[in-house]
2 protein chains.
Amino acid sequence: MFGIPFSLYHGDDDIFTLLFSGLAISTIGFITYYFTKDSNKDIRKREGYIVVTLGWLVMSLFGSIPFIVHGSIPSFTDAFFETMSGFTTTGASILNDIEAMPHGLLFWRSFTQWLGGMGFIVLSLAILPILGIGGMQLFVAEVPGPTKDKIHPRVRETAKRLWGIYVLLTLLEILLLLIGGMNLFDAVNHALTTMATGGFSTKQDSIAHFTSPFIQYVIIVFMFLAGMNFSLHYYWLHRNFNPIKKNEEFRFYTFLIVAFSILITVGIFLQGNIGVEKAIRDSLFQVVSIITTTGFVTADYELWGVFFHTIFFLMLFIGGSAGSTGGGVKVVRHFLLIKNSALELRRLVHPRAVIPVRYNNNSVSKDIIFNIMAFLLFYLAIFVTGTIAMTLVGLDFLTAMGSVATCLGNVGPAIEGVGPTDNFAHIPDIGKWILSFLMLLGRLELFTILIIFSSAFWKK
Amino acid sequence: MFGIPFSLYHGDDDIFTLLFSGLAISTIGFITYYFTKDSNKDIRKREGYIVVTLGWLVMSLFGSIPFIVHGSIPSFTDAFFETMSGFTTTGASILNDIEAMPHGLLFWRSFTQWLGGMGFIVLSLAILPILGIGGMQLFVAEVPGPTKDKIHPRVRETAKRLWGIYVLLTLLEILLLLIGGMNLFDAVNHALTTMATGGFSTKQDSIAHFTSPFIQYVIIVFMFLAGMNFSLHYYWLHRNFNPIKKNEEFRFYTFLIVAFSILITVGIFLQGNIGVEKAIRDSLFQVVSIITTTGFVTADYELWGVFFHTIFFLMLFIGGSAGSTGGGVKVVRHFLLIKNSALELRRLVHPRAVIPVRYNNNSVSKDIIFNIMAFLLFYLAIFVTGTIAMTLVGLDFLTAMGSVATCLGNVGPAIEGVGPTDNFAHIPDIGKWILSFLMLLGRLELFTILIIFSSAFWKK
């Protein structure tokens, strides 16, 4: 629908099919309405899980129709994969010639990511905490967010504020990309997919197509912002920087990015044939892109040797901040588990002492840590199962691991057959369905879907 | 020392150097004495961690001297690696020509594994539970073992009984291997390393050298027995089979072996060129060998395609039963975490209900589950860190992962450059030291060593 002006302007032939996208958008509207409707009844948790899961599924089904009807992605499997990759803000693509796609469809493709990011912010900051998923209740502790018992009207208010920030940052990025020399179409598309930490590009070469350092730095900054907890943006927009500086997840997130970037800058600089600025820019871009789970590419990290290859594979498991549009395990979970591990050793030395994990000056209940550990173990179990499944489908071991890690983490590129310069077109259809499911699992923080498959869910 | 008769018989020139092994054995004697000495004072936990860690280290230092003095392993790094691989019952070897080694040293090499296995049984069933390591207190629940407060005289009594079983099973295996047509030297060596789930062989081709199906089946059976909780042997020797049949870890252990064997039998049979009996035997042998962390080889699973290749890599993480001589994560930990994962979903549906994990009809405290989760996460963190370190040393990604997984799990063979037909000779020296450390970490159930590195340990 919003793609119509672009289609008209460029004279593409996909105007009619774009109307189908309206159906997908209506689904988002319904989910939002469902969770924000003016009712005094508490949301029923079980319904919540199903509405969210089906919502994402139905969006992807409707959203894939434009690609099929237009004929630019004739296979239903491919179209569904691409759309799921969009709405889950993964960014894994099956397109072999992106530039050949009509502008309207390219815009729709970017827009799915932007909508998915918008949906996930509300999901992670307002809905999942209530559903008690993987310690998410923790991440809203300092946000003016919902309490456990009453959702309305807090969800609606929170959603409004966060979406305001989301729109504002997107507009700001469009402006800066235009200043950097991008045309309006590319600027809009890349701003949409940056803020969603999605990573769909209108160019086959991704951001490597735009050689301007200014453009690349702008995208680095906005990927970084999109990978932050959005409730923190609320603070700096009100010129209150203290809660940001003191936020332990934000500090660890920044530390990880700086540390990995320095390591890799030194590494590729020593390998030669690259200037200092370019080494810094390439490292920073790739690190921020993978850690925030965006997936844009300006340089092929697979050429940097087995050590950095390994590092990038492992970074697929970090994930953005909680409450960002980023996917993956999330920085705060790693932070709390690392802290807890150190304390677990202390607990062994002093078995009778009660030693809680502290986060942002609050002590975290053991139940939440327990829940986060369970989350990580589920994550790894799904990663392992997915990898086995993908080797059965015919992928080699590294490509199987890479494709599963990147889809489950909603990142985009990975290693080997699905490296930063490859795409997912060559993966057999069954594999694409498995990966689509993994993208959804990852996006909905595992439990939302797993719980529907549990027997306890269906018992009275 | 025990190798002297073999050396005399075969007329080798290594009699003198073998005397050094006496020093290594004395160390075991000291550790045993330390924990079983007739004193009424409770063992002091901190001392316990250090005595155990240093004990294994000192054994390996002394134990490597015979190889160096004799000159058959001239490099200290190699000799230490081989000896650590022995005492930790790993079975990873740097020997390129095993048959060229004198018999006395080969015997000493096998004997290090047998001693290591003996030490670990007492460690896991009597000492670690008291130190509160990784839920180990749970595994002795139904054994006539130590209580929390008094160790003596229970440790000594338990140790005596378990060692009796260990010796008995070793003798029985020697007898059966002799009946199968092995000579006395090979029968003794392989019995020693089977019961320790060690995997050192006197042949470069491992058990593939012995083509007799009878011999291979005997070894399958004894690997299986060695991978069981040794306290269960106590029951069947007294013709009391109920506690074995009802033991949930034993059932899961058997289930895993049967399930993987059937899967692989079908897989390799369908690939053709193999009879039914051989397909069953090859699958069963390799599965039992890897799951029990023995590491003997009769067939190269790397030739069975990427799917089974992946399956075998993942099996490196299963580990034997708790209270066996096997290494790795251990079946019971997986069992409890799988059970807990299912319950965690139920807890999300019913957040107010208290839903404990049950094991062998007892409910398991949340602290123990918490501790086991921490164990697994430490295990994975060490695996990841080790893999990064090994890629830095120059190994490719898969060889790095394989070498770390197999050493940390005390298995022996892995995948790629350290597959079932390769050895560890080609790994750079720094890599061998890293892997030696990982073998020790794995053997001492991580925490015993990690705790020494924690700041809490050294504070008053």
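What does the accessible surface of chain A come to, and which share of this surface belongs to carbon and sulfur atoms? The accessible surface of chain A comes to about 16700 Å², and 66% of this area belongs to carbon and sulfur atoms, where accessible areas come from the Shrake-Rupley method with a 1.4 Å probe and, for residues, only the protein chains shown count as cover. The model is a predicted one, in which local features need pLDDT of at least 70 and side-chain atom pairs count only at pLDDT 80 or more, whereas totals for chains, interfaces and linings use all residues. Residues are numbered from 1 along each chain as its sequence is written, chains are lettered from A and ligands numbered from 1 in the order in which they are written, and side-chain values use heavy atoms, with hydrogens and water left out.

Chain A holds 20 helices and two strands, both taken as DSSP runs numbered from the N terminus (helices H or I, at least four residues; strands E, at least two). Of the 460 residues in chain A, 64% are buried, a term that stands for under 20% relative accessible area, while exposed stands for over 50% and partly exposed for the range in between (1.4 Å probe, protein chains only). Among the contacts in chain A with a separation of 6 or more, 70% are accounted for by residues 24 or more positions apart, contact being defined as heavy atoms within 4.5 Å.

Chain A is superposed on chain B by a rotation of 180° with 0.0 Å of shift along its axis, at an RMSD of 0.0 Å. This is the relation of a two-fold axis, and the same surface serves both copies, since 100% of the contact residues of chain A recur in chain B. The superposition is by least squares on the C-alpha atoms of residues with pLDDT of at least 70 in both copies.

Over all chains, the structure holds 20 salt bridges, each being a side-chain nitrogen of Lys or Arg within 4 Å of a carboxyl oxygen of Asp or Glu. In chain A, the side chains of Arg281(A) and Glu277(A) meet in one of these, at 2.8 Å from N to O, and both residues lie in helix α13 (residues 276-291) of chain A, four residues apart, about one turn of the helix. Arg281(A) is buried at 6% relative accessibility, whereas Glu277(A), with a relative accessible area of 37%, is partly exposed. In chain B, a salt bridge joins Glu277(B) to Arg281(B), with the closest N and O atoms 2.8 Å apart, and this pair lies in helix α14 of chain B, again four residues apart. Glu277(B) counts as partly exposed at 36% relative accessibility, while Arg281(B) is buried at 6%.

A further salt bridge is formed by the side chains of Glu445(B) and Lys330(B), at 2.8 Å from N to O. This pair links distant parts of the chain, 115 residues apart, with Glu445(B) in the loop between α19 (429-443) and α20 (447-453) of chain B and Lys330(B) in the loop between α15 (306-315) and α16 (331-349) of chain B. Glu445(B) and Lys330(B) are both buried. In chain A, Lys330(A), Arg333(A) and Glu445(A) are linked in a network of salt bridges.

On chain B, a nonpolar surface patch of about 710 Å² is made by Tyr217(B), Val258(B), Ile262(B), Val266(B), Phe269(B), Leu270(B), Val276(B) and Ile280(B). Patches are made of residues with over 30% relative accessible area and no salt bridge, like charges being joined within 9 Å and nonpolar side chains (Val, Leu, Ile, Met, Phe, Trp, Tyr) within 5 Å. Helices α13 (248-270) and α14 (276-291) of chain B each supply at least two residues of this patch, and the largest share, five residues, comes from α13(B). Val276(B) has its place in helix α14 of chain B and is partly exposed, with a relative accessible area of 49%.
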